[in-house]
Every structure is written in C-alpha cells, then in structure tokens.
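Here is a short briefing on charged side-chain pairs and strand pairing. Have the sequence and model open as you read.

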Amino acid sequence: MSLFADLRRRFDLRPAKSLNLAGSPARTRPEASSKDTGDFTGVEPCGRREPHGTDGTDHSAYLAIAEALTDGADVVPASDEVGRQLATDGVSLVEALDGLSALYRSIAGGEPAFDAVRALSSSWAEASLVYLHALSCEDPLTGLSSLAHLRSRLGELYREAEFRGTAVPQTHALVVVEPLNPAGTSPFDRELRLVDVAECLRIVFCGGDVLGRVGSRRAAALVGRDPNLPEQVATVRALITQWRLDTDVPQLARIWIEGLPGTDEMAGRLLDELARP
C-alpha cells in the first residue's frame, strides 16, 4: 500500500471543501467513522466534536506535517503553514492542537514535538490577529474605519502634540456628516446612504485623513485644519446632495466642522456623544 493510501485510510482524508463565504469553511461529518466500519486503527478523533460526538475536522489539513514526519524532514515549516491555514479556516487553537496530537500519536507514537507545537500555535495566532485587526478597524459595508480605530488615531494625535508642544484643537478637526433620511426609510436604505457618504468623503479627503463611522447614523473625517477646509466641506455637501443620479430629489445631510477639545479624554467623550442615535 502506498504512503498516501495508508495515510488516507488512517486519517479518513477527504477532498478539500468549498469555501463558505459567510464564515469559516463548512465542516461536514464523516459518513461513517472507523468504529462504524469496524476498521479501528487506534487514531483518536481530533478536532471539534459535534454534540453527538462525531469528529468534524478535516484531517487532510495536516497532510504536510504527516509527510514531513514520514520523510524525517523538519516539521516546523509544515506546522507553520498548517497553523496559518487552520486559523484562516476558522478552526480554534484547541482543535488545531488536538489534531496535531492525534497525528503524532498515529505516526510517531508519542506527543508532538515542542517545535511543532510552537510553530503551529504562533502561525495560528498571527493569522487570527490579522483577521481581528481587519475586523475591528474597518466597517465591512462602508469601508469606513471603526469608532475604535478613530479613537485610537485621535489618541496618537494628542500624544504627538504633547511631544511637539502643539495643540490638537488648532491643528485638527472633525468633519461630521449625518444623512437626513425621510421618515419610513428602511435600515438597509440608511446603510446605502452611508456608503454614498463614504464615497464622497474619500473623493474630497483623499490624503492621509482618517474616515470613520461614528455610530449608526454618522460618518466623520479626522482632518487637518487647512485654510481651504471650508471649501472642502462645501464640496462634500455638493457631492452628497447630487450623488444619486437616478433621482431628482436632493440627498440632504447635515455637515459641520466639529472642533476637538483640549485633551484626549474629552475627545473620547466627544466621539461617544457623536455616536449616540
């Protein structure tokens, strides 16, 4: 029997599953476990378990590590790649380590080597952090930065101002936009209006300005207090008003320049106030 055929028999390998764009790839239960068929090889089920106890992890994810173990090669590169892929697929760290442990017990007859555990865990953590940072820094629909990211950037500005001996209220301001939706506007249509607002803000403030979503109804641009700021605000207003070419009804919005307070703490309170419905 070939090495691959033996591994396929022992680990119940399956073809790669199609990507579930709504989240992590869909996990399917095996049609029959080794206990069902009477072909028990001693491999403990690894990974996530369904409530009724059947294993739900695709063992083919560990094939690179299995090949490295069988060939006597360095398992660190394979473990690094497997950890990153499992995190991308939405597999928890506990599941990933359970799968690694089951693999080692089957092939090497013992627990995983420390280097393999460290490589898999480190790459899993790095991939997870990339996902979390992307999730927390940008609103997926409008593309605007999250309130947390806007707050963080404000904090950086205040720290830089203290170091340089400048004052944030004199150097920066917020341009706040609140679409005025007619009565009866659906939540979906409100979101579309914010998408339009985001596009208009990007056209005018296309430099290093931070464009963020502030609560459910407003967007804000953290901008420098340039001499032409009033003209930029007027341009934003004109763009938003005429943005929808499929209607003759003006798209109304409140737009104003919000001055920043003297301290980082007060700036945080200002953001909280703006974020209220």
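This is a predicted model: local features need pLDDT of at least 70, side-chain atom pairs count only at pLDDT 80 or more; totals for chains, interfaces and linings use all residues.

Residues are numbered from 1 along each chain as its sequence is written, and side-chain values use heavy atoms, with hydrogens and water left out.

**Salt bridges**

- With a salt bridge taken as a side-chain nitrogen of Lys or Arg within 4 Å of a carboxyl oxygen of Asp or Glu, the count comes to 14.
- As background, side chains of opposite charge can pair when their charged atoms come close.
- Glu 178, Arg 217, Arg 218 and Arg 254 are linked in a network of salt bridges.

- Helices here are DSSP runs of H or I with at least four residues, strands are runs of E with at least two, and both are numbered from the N terminus.
- Arg 84 forms a salt bridge with Asp 80, with the closest N and O atoms 3.0 Å apart; the two are four residues apart in helix H4 (residues 76-88), so about one helical turn separates them.
- Arg 84 also forms a salt bridge with Glu 81, where the closest N and O atoms are 3.7 Å apart; these two are three residues apart in H4, again about one helical turn.
- On relative accessible area (buried under 20%, exposed over 50%, partly exposed in between, with a 1.4 Å probe and protein chains only), Asp 80 is partly exposed at 26%, Arg 84 is partly exposed at 29%, and Glu 81 is partly exposed at 43%.

**A pair in helix H11**

- Arg 269 forms a salt bridge with Glu 265, the closest N and O atoms being 3.0 Å apart.
- Both residues lie in helix H11 (residues 264-275), four residues apart, about one turn of the helix.
- Glu 265 counts as exposed, at 54% relative accessibility.

**The sheet**

- Four strands form an open antiparallel sheet in the order E2-E3-E1-E4, where two strands pair if DSSP finds at least two bridges between them.
- Strands E2 (210-214) and E4 (253-259) stand at the edges with a single partner strand each, so one side of each has no neighbour in the sheet.
- Strand E1 (residues 172-179) runs antiparallel to E4 and is joined to E4 by seven bridges.
- Glu 178 stands opposite Arg 254 in E4, and both residues belong to the salt-bridge network.
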